[in-house]
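Have the viewer open as you read.

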Amino acid sequence: MTKKILIVDDEQNIVISLEFLMKREGYEVSIAGDGEEAVARIRREEPDLVLLDVMMPRKSGFEVCQEIKSDPALKAVRILMLTAKGRDTEVAKGLAMGADAYMTKPFSTKELVEKVRAMLSER
Amino acid sequence: MLSGGLIVSVSFAYLLLLFAVAYFGDRRADQGRSIIANPWTYALSLAVYCTAWTYFGSVGRAASGGVWFLPIYLGPTLGFALSWLVILKMIRIAKTYRITSIADFIASRYGKSHLLGGLVSIIAVVGTVPYIALQLKAISSGYALLIGEHDAAYRSIHAGSWLQDSTLYIALLLAVFTVLFGTRHLDATERHEGMVAAIAFESVVKLVAFLAVGLFVTYGLFDGFGDIFARAYADADLAGLFTLDGAGGSYGGWFALTLLAMLSVIFLPRQFQVTVVENVNEQHLRRATWLFPAYLLAINVFVLPIALGGLLLFGQGAVDPDTFVLTLPLVHGQKWLALLAFVGGLSASTGMVIVETIALSTMVCNDLVMPLLLRLSRFKQAASPDLTGLLLAIRRGAILLVLLLGYVYFRLAGEAYALVAIGLISFAAVAQFAPAMLGGMYWRGGTREGALAGLAGGFLLWTYTLLLPSFAKSGWLDPAFLEHGLFGLAWLKPEQLFGLQGLDNISHALFWSMAANIGCYVLVSVLRSPTGQEASQATLFVDVFRRGQTAMPASFWRGSAEVSDLLPLVARFLGTRRAMDAFNDYARTRGVAHVQELKADAGLVHFAETLLAGAIGSASARVMVSSVVQEEPLGLDEVMNILDEASQVRAYSHQLEEKSRALQAATDELRRANEQLKELDRLKDDFMSSVTHELRTPLTSIRAFSEMLHDDPRIDLAERTRFLGIIVSETARLTRLVNQVLDMAKIESGHAEWHNTDIDMRQLVEHAVGTTAQLFRDRGAAVELSLPDAVPLLRADHDRMVQVMLNLLSNAAKFVPAGEGRVKVALTHGGGELRVDVADNGPGIPPESAAVIFEKFRQGGDQRSRPQGTGLGLPISKQIVEHFGGRLWVTSSPGEGATFSFVLPLAEGAAESAAAAHNEIE
Amino acid sequence: MRRGLAGQRLVAAFLAGTLLFNYPVLSLFDRLETAFGLPLLYVYVFAAWAVLIALIAWVVERGAR
């Protein structure tokens, strides 16, 4: 069964690159441009993994993360947070909010793909 | 008629009772359970004011002058209303500096002057010895009356020989009493508790006796007050006594008498003794403030009834009214009441004599004899270890001398006017102390010469206008000078000096003597500045309540001393034991175990001097102390410096408080500043974080696409081209960002270079619009340009202004709706300003964003559709406009587009250059 | 008490007394009339005197508390 991945980012070009990468790996990809849309799509589509940007309009990645993780129905959804703010506090905050993994931008595409693959094969 | 033996035994019994009271008082004082340490005793002892002159004389005065006896008692009542202002200060000064007499007070105040102390002592002796004589006379004539040695008019007949005169023995007995209880020992504080107890007791006796006689006359001989007064009204002569006028006086005279009594109740030596020197506790003055006047009121209620009763019963002129207190009971067969009345009179007399004598003997010893002894160099250097015996002998001798002087005066004067009138004359004499005393307590400017001149002038005029006339009226002097003036000069008539008429002799004398006294005191005082010594004493007296805040007495002393010199010196006058005790106490307060370890500093010297001052007077103490220590005399400048220092210390502590307040304020400010810095730091952190974010975002795309292209050769060409396009545009974005961040940093840090030239904004705006024309065409937007014919030249950096214009225009281009965008660009000028408006028809900016869009990295608009931008364009534009003194702002309502405007001020004189430019164009 | 309210009251009492016991107030009672069968001036002076003493007593004893 094809794994579903939701890409959440407000930067058009980054979305393009992530979409290209994920599709090449054979995943089913959907896209959300801000936090609210992301939450709606997660509830509707229940993706296996979310690539979640932190700095977004309307609802930040942290808020999305918290909301998803506090919903038992969405327990299966894995979250990989991506942030351009590389400070340690941001990483710690993301993990505290329940993110399953964390990567800072700019990321290595290889590492990202491996990470995604690893997270999806954990179960 | 009573037998002489009975009266003598009763008198002796009474005096023995007095001894017992005094002895008891001293014993209790020694045991530390003082009986005089209560306000009632204190207030009663003040009633020593009421002497035989009150006891017998008031009735006499009332018989001839009606209510005119009253000012003598109203004055003290008024004076005591002010006791908390005046007497309290006197007590504090006297206690602080161990002052034991008026002479010492004045001498000490004006630089510890022997001369001044001596003069005051002489005035006191001259003024009050006759008063003592009057007391002796009262006792003597009372005795004579009781034993029947009188004529038909109840005037006493004196015993022929002095040695047969019982008055002499009474005087000697009083001297013994005074010596026993007045000079039991030399004490630095000069307090006589037993004596005060006896005086308070006497005050009770005389009041009871007088009231008994009053009640007897009013209710025994008459049918109450109403009866006496009704009968007096019926008599035309007596009715005159009920008004001031009828009694032969003026309101001015009334006022003068009140004032005189007010001063006397403070400045009579005996009053000063009981009120100030014998005061145990300042708080006692509180009750005395009303109790003493109440006593005066009580003892005066029956004066007029007794006087009128006597006049009605004896008939006018038949009997000397001064004797009514005795004769009324006597004639009406009340022997025992008469005896009680005599004892009352005896108590009034003896009380006065005892206290007055002690007060005078202190003055005579400390301010007359000691200075003379000190002049004998032999005495000063005498190795005699203990002079206490000598001192006591001097005191005792002085007491005996004063009493004998009083007795001699009594013998010489007899019934003379000089004795009868001495009460008020004495009052007028002591009133001369008032200017120097009160002036010294409240005015710093008084000098020694001023006080001397005032006292001498006042005393001289008192002598001339009161004392000499009284002698003349007594027949001791040729009364011619009274009638025609000295040397026959009418303007020198003693009772109409310089032709002043219309005043009674007391008011007249009071006016002239006080005028001379106050005049000389003030005028001579202001001739020169006070010396150092005077200035320091003035400060200590005037500021006595502020001690601790101002300079300490010891601070006025410079020099060196040895404990081994000071202790023996004090011991010579106080006795070794008392001196050792005092020095030991002092050592304890200094936290030193032994006297020998004491540092002989200014404080110790002052302490020794104060101890001595209590025993021998401040002026003599000064001389004695200065004989054993090396001292540097202080000049006025130095005293002023010390006073300055003291006030500086006060000012300094004030400053300290100010400073601590300022420090507190500074701390608060620093805290605020620190918080501001923290805030700035946080902002900088945020800025860095934002910059990082903004840098990483394009980098992320660039890296991702580069890696993808690099790793995956299978990507087709079209995809490849698209990815490369993204990389190129993201690189451009990155470059732009780096440039703008650097730009921003330069402008903010003030390191930016500004190449100012004269700019024609018309051209600049046109140029900018031309540059962005392609941008608008791409978006399908129309640009409307509105320029005036000519604008003044603007002095600014051309490239920077272009940057601002491009920024605003590209901003507008980003936000206008695709295909139907309309942008209006307008340039206007007026009011010394150039204004540029760039209006678009985009979505507009919500009010909450309007304020933040000029902050760094706070781009407006929906980020989903956020156009390419760094978020630094507007902040940089704002900085540039503000650099040239202008303002950049936005007005917008959501949905109706936004208008970015900026104004720039034109330099002065720019208008002409604008005109010139215009001309050139033409 | 020196500088306090009581001190001011005592000064006021002094001034009142000075006024009551001098011309012209005194002249109002300086007449050959009687009050309660007693000479007016005599009654006035003693009454004013007593009131003044009572006033002073009230001020100082109050201040003592």
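What volume does the largest cavity have? About 40 Å³. Keep in mind that this is a predicted model. Searching the whole structure turns up three cavities of 30 Å³ or more.

**The largest cavity**

If you want to find the largest cavity on screen, go to chain B and pick out its lining: B:Trp53, B:Gly57, B:Ser58, B:Arg61, B:Phe69, B:Ile72 and B:Tyr73. Two elements of chain B, α4 (57-65) and α5 (71-81), each give two or more residues to this lining. The top contributor is α4(B), with three residues.

**Aromatic rings**

Who else is in it? The cluster brings together B:Tyr49, B:Trp53, B:Tyr73, B:Phe80, B:Tyr131, B:Phe292 and B:Phe427.

Over all chains, the count of aromatic pairs is 32. One of them is B:Phe511 with B:Trp512: the ring centres are 5.0 Å apart and the planes meet at 65°, which is over the 60 degrees needed, so this pair is edge-to-face.

Are these two partners buried or exposed, or something in between? B:Phe511 has a relative accessible area of 43%, so it falls between the 20% and 50% cut-offs and is partly exposed. B:Trp512 comes in at 18%, which is under 20%, so it counts as buried.

**An annotated aspartate in chain A**

Now over to chain A. Which residue does UniProt list for "modified residue: 4-aspartylphosphate"? The record, an unreviewed entry, points to A:Asp53. In the model, A:Asp53 is part of strand β3 (residues 49-53) of chain A. Is A:Asp53 buried or exposed? Its relative accessibility is 2%, and since the cut-off for buried is under 20%, A:Asp53 counts as buried.

Notes: Residues are numbered from 1 along each chain as its sequence is written. Chains are lettered from A and ligands numbered from 1 in the order in which they are written. This is a predicted model: local features need pLDDT of at least 70, side-chain atom pairs count only at pLDDT 80 or more; totals for chains, interfaces and linings use all residues. Side-chain values use heavy atoms; hydrogens and water are left out. On a 1 Å grid over the protein atoms alone, a cavity is a set of points where a 1.4 Å probe fits but cannot get out, and a pocket is an open set with protein on both sides within 12 Å along at least five of seven lines; lining residues have an atom within 4 Å of a point. Grid points are joined across faces, edges and corners, and a volume is the space filled by probe spheres set on the points. Helices (H or I, at least four residues) and strands (E, at least two) are DSSP runs, numbered from the N terminus. Rings of Phe, Tyr and Trp (its six-membered ring) pair if their centres lie within 6.5 Å; planes under 30 degrees apart count as stacked, over 60 as edge-to-face and the rest as tilted. Buried means under 20% relative accessible area, exposed over 50%, partly exposed in between (1.4 Å probe, protein chains only). UniProt positions are given in the numbering used here, feature names are shortened, and annotations may be inferred rather than shown by experiment.
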